[in-house]
Amino acid sequence: MNLRRFLLRKVVYVVLTVFLIASLNFFLFQVLPGDPTRVLLPKGCGGSNVTACPLREELMQEWGLDQPVFNRYIIYMTNLLKGNLGTSITFRPGMPVADVIAPRLSITLLIVGIATVISLWLGVVLGRVSGWRRGRASDVIITMSTLFGYSMPAFWVGLLLAFYFGVATPVFPVSGDRSANFSSMDLISQIADMGWHLVLPVLTFVITNVAWFSLTLRNSLTDVLPEDYMVTANAKGLTETQQLRRHALPNARLPLVTAAALYFGWVVSGAIVIEQIFQIEGLGKLEWTATLNLDYQLMSGIFLIAALGVVIANATADVLYVLLDPRVREA
Amino acid sequence: MSTNAAPLDTYAIFRERIASDFTRFRKFLVQVVRNRLAFMGLIIILFFVILSLIAPLIVGPYPTQFERTTPELPPSNGHLLGTDVQGYDTFTLLLYGGQVSLLIAFTASAVAMIVGTGIGLVAGFYGRMTDQVLARATDFFLVIPWLPFALILMSIMGPSMGTMIVAIALVSWPTTARVIRSQVITIKQRMFINRSRAIGAGSPHIIRKHILPNVMPLVWAEAVLTISGAVFTEAFLSFFGLGPKDNPIFSWGTMVNQSYQDLGLLSGRWWYFGPPGIFITLVVLGFAMLGYGLEDILNPALRRR
């Protein structure tokens with residue numbers, strides 16, 4: 001396959017999907033009844049009458065609110081391209097959504113990144129055992145316990161951990177991502193301090209998500225084991241470990257790439273509740289605040305960023321898949 | 001050749017069909033019982049469904065706001081799981097909570113199945129442009145992060161039973177559509193479809209009489225898995241305080257939300273924090289086990305080991 005054409009197609013896919021998501025975002029908010037400025041202006045502005053709010057005229061101008069729907073759509077898309085995601089009504093005075101989101105993005109990405117790496121690693125370790133020993137006791141124990149973790153709502157697990165390791169026996173901090181005297185520490189202590197604060201949030205992630213990876217690997221190992229080359233490997237007299245390491249795993253690992261990308265959509269959703277519970281000032285806690293205050297433009301901004309992340313992750317996975325699998329590459 | 005054949009005994013055919021359906025169903029049940037995963041899941045589900053249905057028999061009618069007692073009582077004989085911050089008996093709330101959680105999950109799943117199966121059938125059967133458009137739409141909805149999307153939907157439509165069902169259905173149909181579509185594509189190539197077309201059957205007839213009965217078992221498996229996800233989604237949305245406001249009965253998710261808002265667990269009152277969470281977990285697990293078990297039974301290709 002022509003790699004360049006493939007990459008180009010992926011880029012087109014990303015752009016098109018993001019465009020569609022932005023359009024969906026626009027049209028979703030068109031169903032809101034009443035004066036649109038009512039939900040876009042800071043609460044209490046202009047007293048009981050929103051038309052008295054001085055910001056209203058500006059808002060009408062910026063988003064073309066007095067124009068037909070098609071014009072508004074064009075204006076919305078143009079504003080998006082300029083990086084204008086709207087104005088938050090929660091963070092006064094009318095802070096641009098992009099400025100609200102940007103500083104909070106890095107901590108979310110950090111938590112999600114660490115949690116994904118650990119879940120992936122643990123998932124491979126567990127999935128390898130349960131896939132290889134399918135049906136035996138170790139498989140049943142691993143599958144059932146990871147599935148149990150997967151069935152628990154993340155917010156509930158987070159609160160349980162916060163209670164047992166933060167309140168009942170205070171081992172780990174349960175609030176925030178750094179100590180109060182963070183800025184006066186040297187770099188090493190800063191990293192240690194942050195890591196210490198992130199133990200419980202990351203643990204919550206891992207418990208509720210590791211099944212995603214362990215089950216994927218287990219299933220793909222099940223597909224691989226009956227293959228002819230596995231019979232050959234066995235006939236050659238390779239030990240079980242050698243069969244697993246050299247022949248089964250390299251083939252069974254590929255679906256994990258796709259799994260990791262699809263998982264990203266879940267991660268965003270998981271991050272939202274976990275950050276709220278551990279009071280970490282990231283995207284998730286922001287979404288909570290936005291939902292509670294019905295800050296629509298902030299909500300739609302976060303939704304756009306989250307969707308963008310998922311789309312990019314998916315496209316990356318598709319590309320990686322091709323690069324990693326010689327069969328797909330040559331086809 | 002059939003001019004002088006005996007007149008068709010429609011009643012006998014009907015009876016035979018019922019009998020064969022019944023045998024098929026019994027065989028299927030035997031398979032479910034033999035599949036440990038599916039059977040355990042089924043037991044868990046039945047337990048919770050029956051428990052929420054007979055809640056009035058165990059704890060009497062749902063308490064009105066005048067039937068409250070001292071708030072935050074620890075568990076005792078009178079109150080098995082103590083009382084919550086408003087003085088409601090937690091055990092009563094817990095049993096009734098299942099009614100809301102399960103009702104929303106079942107209905108949302110039913111809606112998602114109708115939409116997902118319909119789209120999967122049409123896309124898989126008609127192929128070409130129809131498939132291109134529908135499959136792309138499915139992929140599109142599949143990559144949308146479900147929680148932020150559902151939160152926006154709920155905030156726009158307002159928190160009620162109906163809107164929550166719509167929101168959950170909207171985020172859960174794509175998986176089914178994709179599974180059904182790929183199944184339809186394989187069935188479409190089988191010989192009996194060609195034969196049916198050769199004797200003049202139209203597309204709607206083929207879809208209804210030949211394709212649908214063949215994908216139906218898979219639809220049931222998907223429905224069970226979707227219910228599992230729906231219970232989960234409902235819990236998340238209710239935890240955000242978006243639980244249905246038009247229903248006086250608290251769902252399990254709303255109970256956890258209440259206890260979170262009142263610092264129930266952090267001040268050591270585990271009894272109205274723990275139980276609803278455990279119930280959510282077990283129900284989600286039960287449906288997931290039954291769903292995976294059914295997929296195992298229905299798709300023997302997955303069963304080779």
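Helix H4 of chain A, residues 69-81, has 13 residues and reaches 18 Å from its first C-alpha to its last, close to the 18 Å expected at 1.5 Å a residue. The expected span is 1.5 Å times one less than the number of residues. Helices here are DSSP runs of H or I with at least four residues, strands are runs of E with at least two, and both are numbered from the N terminus. After H4(A) comes Gly83(A), with a positive phi near 85°.

Some housekeeping. This is a predicted model, in which local features need pLDDT of at least 70, side-chain atom pairs count only at pLDDT 80 or more, and totals for chains, interfaces and linings use all residues. Residues are numbered from 1 along each chain as its sequence is written, while chains are lettered from A and ligands numbered from 1 in the order in which they are written.

Next, the domains of chain A. The assignment gives domain 1 as 3-81 and domain 2 as 97-330; such bounds come from an automatic or database domain assignment. Domain 1 of chain A puts 13 residues into the contact and domain 2 puts in 14, where contact means C-beta atoms, placed from the backbone, within 7 Å. On the domain 1 side, helices H1 (3-28) and H2 (36-40) of chain A each give two or more residues. H1(A) supplies the largest share of that side, 10 residues. By class, that side has 10 nonpolar, two polar and one charged residues. Nonpolar covers Ala, Val, Leu, Ile, Met, Phe, Trp, Tyr, Cys and Pro; charged covers Asp, Glu, Lys and Arg; the others, Gly among them, are polar.

Now the two chains. In this contact, 31 residues of chain B meet 38 residues of chain A. On the chain B side, the elements giving two or more residues are H5 (128-143), H6 (146-157), H9 (203-242), H10 (252-261) and H11. Which of them gives the most? H6(B) does, with eight residues. The chain B side has 25 nonpolar, four polar and two charged residues.

H11(B), residues 274-298, has 25 residues and reaches 36 Å, close to the 36 Å expected. Because 20 of its 25 residues are buried, H11(B) is largely enclosed by the rest of the structure. Buried means 20 or more other C-beta atoms within 10 Å, exposed means 12 or fewer, and partly exposed lies in between, with C-beta atoms placed from the backbone.

Last, a loop residue. Pro170(A) sits between helices H7 (154-168) and H8 (187-224) of chain A. Pro170(A) is exposed, with 9 other C-beta atoms within 10 Å.

Terms used:
Contact = placed C-beta atoms within 7 Å.
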